[in-house]
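Morning, everyone. I'd like to take a few minutes on side-chain links in one model. Here it is on the screen.

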Amino acid sequence: QVQLVESGGGLVQPGGSLRLSCVASGDISSINVMGWYRQAPGKQRDAVASMSSTTGIHYDDSVKGRFFISKDDDKNTVYLQMNRLTPEDTAVYYCNAANLRDMGTTRTDYWGRGTQVTVSS
């Protein structure tokens with residue numbers, strides 16, 4: 001099992017920045033993908049950014065050039081730096097850790113509880 005705890009959400013004005021953190025614990029040696037998803041009210045949960053040991057870093061088109069994912073292996077922490085935020089970025093942001101195996105055909109996901117990001121003036 002893997003446990004994920006997010007922090008760093010809050011209220012920010014349009015154009016502002018926030019940095020989300022996700023601390024992982026447990027059987028983290030099994031994890032080969034980590035990332036962030038978000039879910040706005042009434043919408044599905046969508047991928048925002050991810051880091052894979054095999055395929056590298058990926059961003060959703062809506063956040064490219066504004067959001068940046070990084071990690072600190074010593075702290076077992078993944079970050080999401082969010083810049084130039086807009087009201088459309090308002091959502092609950094979830095940390096995700098995944099174990100992909102069998103050539104990517106089998107996936108086990110772990111989720112944090114989420115952190116609210118609200119962009120409003």
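Disulfides to begin with. This is a predicted model, and the count here comes to one disulfide. Which cysteines does it join? Cysteine 22 and cysteine 95. The sulfurs sit 2.0 Å apart. That falls within the 2.5 Å cut-off for a disulfide.

Now, where are the two ends? Cysteine 22 lies in strand β3, residues 18-26. Cysteine 95 lies in strand β9. So the bond ties together parts that are 73 residues apart in sequence. Buried or exposed, these two cysteines? Cysteine 22 is buried, and cysteine 95 is buried too.

What about handedness? The torsion about the S-S bond is about -80 degrees, so this disulfide is left-handed.

On to charged pairs. As a reminder, side chains of opposite charge can pair when their charged atoms come close. How many salt bridges does a search of the whole structure find? Five. I'll go through some of them.

Take arginine 38 and aspartate 89. Their side chains meet in a salt bridge, 2.9 Å from N to O. Arginine 38 is in strand β4, residues 33-39. Aspartate 89 is in the loop between β8, residues 77-82, and β9, residues 91-101. The pair therefore ties together parts that are 51 residues apart in sequence. Arginine 38 is buried, and aspartate 89 is as well.

Aspartate 89 has another partner: arginine 66. Here the closest N and O atoms are 2.8 Å apart. Arginine 66 lies in the loop between β6, residues 56-59, and β7, residues 67-72, while aspartate 89 is in the β8-β9 loop, so this bridge ties together parts that are 23 residues apart in sequence.

Why do we call aspartate 89 buried? Because its relative accessibility is 1%, and the cut-off for buried is under 20%. Arginine 66, at 10%, counts as buried too.

One more pair. Lysine 71 forms a salt bridge with aspartate 73. The closest N and O atoms are 3.7 Å apart, and the limit for a salt bridge is 4 Å. Is aspartate 73 buried or exposed? It counts as exposed, because its relative accessibility is 54%, and exposed means over 50%.

Over to you for questions.

Key
Residues are numbered from 1 along each chain as its sequence is written. This is a predicted model: local features need pLDDT of at least 70, side-chain atom pairs count only at pLDDT 80 or more; totals for chains, interfaces and linings use all residues. Side-chain values use heavy atoms; hydrogens and water are left out. Helices (H or I, at least four residues) and strands (E, at least two) are DSSP runs, numbered from the N terminus. Buried means under 20% relative accessible area, exposed over 50%, partly exposed in between (1.4 Å probe, protein chains only).
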